[in-house]
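Let's take a friendly walk through this structure together. Please have the sequence and the 3D view open as you read.

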Amino acid sequence: VGVLAVGAPVIRILERLPGAGPAVAGLLGAFRSGIARLVRAPAQAVAVVALTVGIWSCTLAAVRCALQAFPDLPSTWSAALSTWAITMTGMLVAPTPGFVGSYEAFCKASLLLWGIEGDLAVTFALVLHTSMFLFTIAIGGFFLVREGLSLGSVVRESRATGEE
């Protein structure tokens, strides 16, 4: 609501700032544009919200299942939610290529809050990150093949679009 209500002046200010200002302005502008489109299309907005809830619910269920695979870890919904929220926050504030390192550090930190010792927390973090990464590669590969695309063609098109 704030980005919609006062976004335009803030975006104009950010565009003039050196460093990351223009990039942040572009991100906020795109976000503002997308939200404005959804406000004008309530049915589409409901679909987006429903899909978002569905995706996050599936992700939390996957984290909870992973927690249940380790007998000494808490496997409640609140443990899954806090583990995932802290891990995602960490990846946002300390991004690395493939999120290697930041994912594990913040996932471990979340489990330390639950009283889990460090080695077990790191093991869980590595297993969770690896399994989610491999799932993403597998599902992405499936859809590339299904759509008749190659990874090379997608990369080339992405680079060409980025240069425009």
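Phe99 sits in the loop that connects helix 4 and helix 5. This is a predicted model, and in it Phe99 takes a positive phi of about 60° even though it is not a glycine. For context, most residues other than glycine have a negative phi. Is Phe99 buried, exposed or something in between? With a relative accessible area of 33%, Phe99 is partly exposed.

Leaving aside residues up to four places away in sequence, His129 touches Gly98, Phe99, Val100, Tyr103 and Glu104.

Tyr103, another residue touched by His129, leads us to the aromatic rings. How many aromatic pairs are there? The count comes to 3. Among them is the pair of Trp84 and Tyr103, which is edge-to-face, with 6.2 Å from centre to centre and 70° between the planes. Because Trp84 belongs to helix 4 and Tyr103 to helix 5, this pair ties together parts that are 19 residues apart in sequence. Phe142 and Phe143 make up another pair, with ring centres 5.0 Å apart and planes at 80°, so this one is edge-to-face too. What about accessibility? Trp84 counts as buried at 7% relative accessibility, and Tyr103 counts as buried at 3%. Phe142, by contrast, is partly exposed with a relative accessible area of 47%, and Phe143 is partly exposed with 37%.

Which residues of helix 4 are buried? They are Ala79, Ala80, Thr83, Trp84, Thr87, Gly90 and Met91. If you look down the axis of helix 4, these buried residues fall within an arc of 130°, so they line one face of the helix. The face turned away from that buried side carries the exposed residues Leu92 and Val93. As for the buried residues of helix 4, what covers them includes helix 3, helix 5 and helix 6.

As a general point, nonpolar side chains in soluble globular proteins tend to be buried together. Here the largest nonpolar core has 20 residues, and those that touch the most other members are Val63, Leu67, Leu73, Trp84, Phe124 and Leu128. Which elements give two or more residues to this core? They are helix 3 (42-68), helix 4 (77-93), helix 5 (102-112) and helix 6 (118-146). Helix 6 gives the most, with 6 residues.

Setting aside residues up to four places away in sequence, Leu73 touches Leu67, Ile116, Leu120 and Phe124. Of these, Leu67 and Phe124 are named, along with Leu73, among the core residues that touch the most other members. Trp84 is on that list too, which brings us back to the ring that pairs edge-to-face with Tyr103.

Conventions: Residues numbered from 1 in each chain as written. Heavy atoms only, no water. Core = buried A, V, L, I, M, F, W, Y, C linked by side-chain atoms within 4.5 Å. Buried < 20%, exposed > 50% of the residue type's maximum accessible area, 1.4 Å probe, protein only. Helix = DSSP H or I, 4+ residues; strand = E, 2+ residues; numbered from the N terminus. Contact = heavy atoms within 4.5 Å. Phe/Tyr/Trp six-rings, centres within 6.5 Å; stacked < 30°, edge-to-face > 60°. Arc of directions from axis to C-beta.
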